[in-house]
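Reader: I want to learn how to read charge patches and strand pairing in a model. Take me through them briskly.

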Amino acid sequence: MKRVWVVGLLFALLAFAAVKAEDEVDVEGTVEEDLGKSRDGSRTDDEVLQREEEAIQLDGLNAAQIKELREKSEKHVFQAEVNRMMKLIINSLYKNKEIFLRELISNASDALDKIRLLSLTDEAALAANEELTIKIKSDKEKNMLHITDTGVGMTKEELVKNLGTIAKSGTSEFLNKMTEMQSEGHSTSELIGQFGVGFYSAFLIADKVIVTSKHNNDTQHIWESDSNQFSVIEDPRGDTLGRGTTITLVLKEEASDFLELETIKNLIKKYSQFINFPIYLWASKTETVEEPIEDDAEAEEPEKETPEDEAEVEEEEEEDKDKPKTKKVEKTVWDWELMNDIKPIWQRPAKEVEEDEYKAFYKTFSKDSDDPLTHIHFTAEGEVTFKSILFVPTSAPRGLFDEYGSKKNDYIKLFVRRVFITDDFNDMMPKYLNFVKGVVDSDDLPLNVSRETLQQHKLLKVIRKKLVRKTLDMIKKIADDQYNEKFWKEFGTNIKLGVIEDHSNRTRLAKLLRFQTSNSETVLASLEQYVERMKEKQDKIYFMAGTTRKEAESSPFVERLLKKGYEVIYLTEPVDEYCIQALPEFDGKRFQNVAKEGVKFEESEKAKEKRETLEKEFEPLTTWLKDKALKDKIEKAILSQRLTDSPCALVASQYGWSGNMERIMKAQAYQTGKDISTNYYASQKKTLEINPKHPLVKQMLSRVTSDAEDQTASDLAVVLFETATLRSGYQLADTKAYGDRIERMLRLSMNVPLDEQVEEEPEEEPEEPAEEDPEDKEEVVDDDDDDDETIKDEL
């Protein structure tokens with residue numbers, strides 16, 4: 001027992017001595033940041049350093065070499081303003097971390113642009129590597145992402161100067177040098193900045209950034225930074241790139257998703273699919289291949305065949321003895337996969353692009369399975385220069401008017417030098433053109449440092465103005481049959497809303513309007529066609545609004561117009577009357593709502609004298625209606641020029657509500673009945689127009705002339721007024737009184753006494769309960785007695 005205690009004590013002393021010795025040796029050991037949070041928090045500092053060194057490896061360099069490089073490299077500290085700017089970039093400049101890849105690919109594209117332009121005058125510029133590509137490789141094991149380009153590369157001096165200073169771009173100096181080298185068709189202004197602020201977006205997702213670069217005029221160097229300081233050293237591996245730059249990102253733990261191939265693919269297709277140079281991703285795919293069967297494998301397979309089978313096999317073997325036996329095996333193959341095979345066709349002249357190319361591009365770009373209805377391809381120049389292709393889809397997108405005005409329009413995508421910037425625009429296109437899809441690509445559009453927000457909203461307005469004009473031109477060129485059958489059915493409401501909302505393009509939009517008219521029951525007509533068909537002395541465009549065409553064409557207001565051969569536009573959709581009200585005139589002709597005051601016809605002197613005679617003749621009736629029979633209900637009563645068959649009609653003032661508009665306004669979901677404006681228009685008195693040729697009106701005149709107190713005439717006047725109210729599209733204030741009045745008229749016409757009451761239904765007398773038989777009563781009593789006796793016995 002004593003030996004056991006001695007052995008235990010010796011082990012304890014040895015362990016204590018080992019810990020103390022370690023503490024003494026590791027005086028200069030560094031503590032891993034966020035040790036408590038690390039899943040390896042129990043490891044010692046030396047182990048942590050070793051693990052980091054092993055993890056951060058470059059191809060061809062082991063951990064020891066990396067460590068030696070760091071010790072020998074030139075150390076640099078970012079300037080004070082650079083440190084402040086770095087914090088701004090990492091913490092607040094970019095809203096979305098995923099744009100780091102967009103920025104790095106853009107920089108790679110610029111570097112490729114530079115070497116391509118240099119090669120125009122220097123054939124040796126591409127001697128080291130004629131390939132102009134961008135390659136991206138994800139390394140999950142080492143937690144690294146590599147972006148390699150075969151561009152112009154950077155010298156040691158450029159690495160220090162360009163990457164050590166925020167927004168210090170080699171492009172500005174490069175443009176100065178290339179001014180004399182500009183040639184037709186090649187503009188150096190396409191360069192966006194070799195390594196400006198965009199490069200530092202890499203620190204959004206990376207703890208360390210390693211840049212390996214080779215310039216034609218220098219040896220290959222390695223630049224490394226942790227965002228606090230950076231170092232530069234010559235690459236001991238020598239010239240492995242030939243020419244170009246590799247950016248290696250050592251990703252943060254929370255950014256591991258950016259190592260997933262699917263995530264990288266989506267980001268490339270979202271932001272950089274139209275970059276001029278091919279972008280390749282190191283990706284895997286499963287292929288089925290045939291492999292020869294080894295002899296050992298064949299020998300291991302037992303042969304269990306019948307004599308007949310053996311004979312058949314021998315014959316087959318004789319035929320195929322020269323063919324090697326193979327088997328199908330699924331293999332995972334890694335290779336460079338092209339990510340941006342879709343070409344930015346808007347960069348080519350429109351005359352060089354085939355129709356099928358536009359259709360294919362639209363389907364890929366918009367994710368729509370149908371061909372576009374039409375498109376326009378143009379280049380805008382002036383205050384801001386941009387190229388664009390706009391498409392009109394064949395069918396309206398689902399939920400086109402859901403959240404109209406507040407829903408963001410993401411169908412127009414903004415590119416700068418083929419790099420996707422954003423589709424999050426409220427002002428790129430007006431609300432009524434929210435169905436138009438397309439791309440806008442500008443080479444000189446000013447952006448802020450994050451490339452996410454336009455600096456000058458004035459330029460955005462210029463782009464918007466040109467886009468709207470081009471869109472309207474595109475729509476105008478749609479063939480009439482396609483326009484009426486397809487476009488107008490899908491997007492007609494949008495054009496009407498445009499007339500209401502877009503004052504500057506109202507005239508252009510008015511030419512795109514289509515309406516049903518009395519000229520044809522099936523074919524829609526434009527306002528231009530209506531004006532062409534107008535009568536010689538007709539100075540107004542007549543329209544009538546209703547819930548349906550049948551209601552509009554059977555309205556009393558259009559009777560005289562149709563009889564005289566005037567064409568009337570029928571407005572059958574709720575937005576139609578708003579639309580026409582927003583148009584003061586078209587082609588010098590003003591609009592006239594035939595349900596309002598102002599409908600007059602050209603008449604001869606003889607016709608005018610006849611009308612004036614009738615007005616004098618019916619003056620007693622019109623005065624009686626206004627002052628007595630319909631007092632407080634109408635503004636005035638006059639003889640009508642628009643009625644032929646109806647006895648009367650209720651006409652709104654020029655600035656009042658028609659019956660159709662009143663119905664729409666009162667049906668609004670937010671209508672509370674307390675709106676002052678609504679109540680004002682609803683309470684306005686109307687004008688009662690009477691038809692002097694109608695027999696009822698003549699009879700009423702006769703009765704009023706003989707007896708102004710005639711009750712029948714008063715009742716007739718009220719009924720005619722209420723009927724005219726309904727036929728004119730208005731609502732009655734008291735429907736019960738109207739019903740009672742109609743019933744009274746029916747009683748009089750059918751000789752039913754006015755005081756005769758409705759026959760009352762006789763009340764049913766309650767049924768008396770049937771008398772019970774005395775014997776039944778006795779039986780019930782007996783049963784009760786028996787029950788009582790049973791209970792007693794049980795107790």
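Author: Start with a negative surface patch, formed by Glu 528, Glu 532, Glu 585 and Asp 587. The model is predicted: local features need pLDDT of at least 70, side-chain atom pairs count only at pLDDT 80 or more, and totals for chains, interfaces and linings use all residues. Residues are numbered from 1 along each chain as its sequence is written, and side-chain values use heavy atoms, without hydrogens and water.

Reader: What are patches made of?

Author: Residues with over 30% relative accessible area and no salt bridge; like charges are joined within 9 Å. A salt bridge puts a side-chain nitrogen of Lys or Arg within 4 Å of a carboxyl oxygen of Asp or Glu. Areas come from the Shrake-Rupley method with a 1.4 Å probe.

Reader: Is Glu 532 buried or exposed?

Author: Buried means under 20% relative accessible area, exposed over 50%, partly exposed in between. Glu 532 counts as exposed because its relative accessibility is 67%. Glu 532 lies in helix H15 (residues 527-533). Helices are DSSP runs of H or I with at least four residues; strands are E runs of at least two.

Reader: Which residues gather in a patch of positive charge?

Author: Lys 563, Lys 606, Lys 610, Lys 693 and Lys 698, on the surface. Lys 606 sits in helix H19 (residues 605-617). At 71% relative accessibility, Lys 606 is exposed.

Reader: Now pairing. Which strand do 7 bridges join to S10?

Author: Two strands pair if DSSP finds at least two bridges between them. Here, 7 bridges link S10 to strand S11 (residues 386-392), running antiparallel. Phe 378 has Ser 388 in S11 as its bridge partner. In strand S10 (residues 374-380), 6 of 7 residues are buried. The hairpin of S10 and S11 has 5 residues between the strands, and Gly 382 takes a positive phi near 140° there.

Conventions
Patches are made of residues with over 30% relative accessible area and no salt bridge: like charges are joined within 9 Å, nonpolar side chains (Val, Leu, Ile, Met, Phe, Trp, Tyr) within 5 Å. Lys and Arg count as positive and Asp and Glu as negative; His and the chain ends are not counted. The place of a charge is taken as NZ of Lys, CZ of Arg, CG of Asp or CD of Glu. Buried means under 20% relative accessible area, exposed over 50%, partly exposed in between (1.4 Å probe, protein chains only).
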